[in-house]
Amino acid sequence: MTVNLTLLVIMGVLFSVGVYLLLERSLTRVLLGIMLLTNGANLLILHTSGAPGIAPLYDAARDPSEYSDPLPQALVLTSIVISLATTAFILSMIWRSWILARRDEIQDDLQDRRVAQQSSYDAEDDDALPQDTSEFNHADARFAPSRHNEEEAAESPGHYRAEKFSEARGRSPHDH
Amino acid sequence: MTTDPAQFAPLAVLIPFLGAALNFIIVHRNRLQRGVTVGAMVLTLILNAFMLANVWNQGPQVVHLGDWAAPYGIVMVVDQLSALMLVVSVVVSLAVLIYAVSEGVASGDDEGPISIFYPTFLLLVAGVSHAFLAGDLFNLYVGFEILLTASYVLLTMGGTAQRIRAGVTYVVVSVISSILFLISLGMIYGATGTVNMADLSVKLADLPQGTQMQLHLMLLIAFGVKAAIFPLSFWLPDSYPTASAPVTAVFAGLLTKVGVYSIIRTETLLFPGTQINDLLMWVALLTMVVGILGALAQIDIKRMLSFTLISHIGYMIFGIALGTQAALAAVVYYIAHHIVIQTSLFLVAGLIERRGGSTNVDRLAGMLKISPLLGVLYVIPALNLGGIPPFSGFLGKVGLLEAGVEAGTWLSYLLVGVSVFVSLLTLMALIRVWNRVFLRNVDDAEYPDPVLRATTAEGRRPRTSRAVAGESGSRFSGRSPVVLLPGTMVGATTALVAVGVALTVFAGPLFDLADNASENLINPDRYVNAVLAPVGPGGVSEEGR
């Protein structure tokens, strides 16, 4: 198999620049990185057809080895179409992200942080004297709200209600 | 003109495609769209069931598209594995579709701008079917791209800030895995000059060991991202839970399993040796343990379920790593079980969110009294996933454990121990949710959504959101009243839970089928001979008959 050195070098540059851009936090750069990587992959597939030959139109008089291998070109064509669609979709997401948050950066997952910040102690599971909170036992034992985090509470629609509810029971929900 | 049923295989892809095209034409007629979508799915289901019955105890059946002989033309291959996957995936998508339709109708979204949902959903199904039927790597790639592009649209539907944030991670990770797949495809073509899987099965074996290993690992990484196996799984719990309930449900059921399916093909057909089985064992172990530890830490039901999803992918990888016929049979059964159970759990989570106003376990309580049916619908798949006898999760796991003990290496014994432990932890994660959400006193909910504790004027539990329409901050406030638990949504979920139970009841014949499937997987010659056999009239290979 013959390999075109120029194409090979271009491919290497595309891959390295693509990976570099991909590691950025700005979405637009990530998109550019993806575009470069896809084109690098396309060049790689194009490489596999070997030395360029004539168009593969069947002619009984010709030796088959003179033709170009048409399959990689068909594969690349499909892959270009697919990457076009993906690029358009990511662009529209970037635009939407900009409209919503005026930011062109990859955002953190809030829930992830909440889970990371929660205490490993859990009143319901880890209490020395377990409190019975069953719906089917009407004992007087009342359970104090054990876990909550301010962030959740602030955006929680039920916050106000729960606060009133806890006050009626003589304690503040922030007090445990 | 022959009447070989395998000839209908392309229709499994074409019907959803045509349904989607029709949907775009009638984009403003919502009711008609619904009818067309459900109709297309039912038609596909009947066709797939027909194909499954036909290959039940036969070798792989091959369709040569356009009558071109195998290594040059495009082939579609139906064997027990792909036929079973097709049937299960369409059953699950149909249930989810009915759930979604009912949710849309119940919420009064009839005239909304989301008429894009139905065609996209059909395209997703078409992509999944295409991937299961593909006889060459490039068509597998195209199938993946179809289903991924549809999933991008479904995941970010509505374009809220949350979904865009999650969508960005999901899309970027998926695109990178696709690029990796494309690169390995190019390299494989460069090394062998073919992309036909049967042809590759023969030609890859002639390559030097180092080259084989490199191609093998690259494919495995590309598929590993899609299947969410351990070091490559972090995108999943971040992105899935933000989508709407039916979308999360269908993603959880199907998308990762297409990745697992591709790994099975890679390990049995393309690289049937035992080169990296030990590596896969370790990956399976870490996937199980890390996944389930993540699940235990979560306070959100959907995120908890996403982590158990990752953890249970580990079981499938364990079976693939063992590579014996018994292990692969258990894996085939386990995949079918897991698709159904995981999807039903996500659908139930959607119902809980609708009735209780949240999926945060701290904000929910007393649901068993509010809706006993919901409790039953949660606890059956939960016990099933946790591997409690006599459910299908138990049967699948027993099959895997037996195969593990049979293998008899210290690593396989370790894996057997870990998988028992992990299934215990799964049960723990799911029962914690059960205790909090269903058994606690309703007063113990912290910051509950108004809808959880709402009562009607007569002091009964409300059936519609009318009781909370006036509450500030309720997700139903300021909207016309909707039924909280519409019959069709509950019905679709019940049907899927019933399918899960049926997997237990009909475990005998299903294990027979799984055994036939794994017999064909363990003998790749059958696949190769069926595909590379000379083409007879009508594009059906002589061998398959």
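Predicted model: local features only at pLDDT ≥ 70, side-chain atom pairs only at ≥ 80, totals over all residues.
Local features need pLDDT of at least 70, side-chain atom pairs count only at pLDDT 80 or more, and totals for chains, interfaces and linings use all residues. Residues are numbered from 1 along each chain as its sequence is written, with chains lettered from A and ligands numbered from 1 in the order in which they are written.

**Exercise 1.** Work out which elements make up chain A.

*Solution.* Start with the DSSP runs: helices are H or I, at least four residues, and strands are E, at least two, numbered from the N terminus. Chain A has seven helices and zero strands. Read from the N terminus, that gives α-α-α-α-α-α-α.

**Exercise 2.** Decide whether A:Ala55 is buried or exposed.

*Solution.* Next, the cut-offs: buried takes 20 or more other C-beta atoms within 10 Å of the residue's own, exposed 12 or fewer, and partly exposed lies in between, with C-beta atoms placed from the backbone. A:Ala55 has 8 C-beta neighbours inside 10 Å, so it counts as exposed.

**Exercise 3.** Describe the side of chain B that touches chain A.

*Solution.* Contact means C-beta atoms, placed from the backbone, within 7 Å. On that basis, 44 residues of chain B meet 45 residues of chain A. Helix 6 of chain B gives the largest share of chain B's side, 14 residues.

Definitions and conventions: Contact = placed C-beta atoms within 7 Å.
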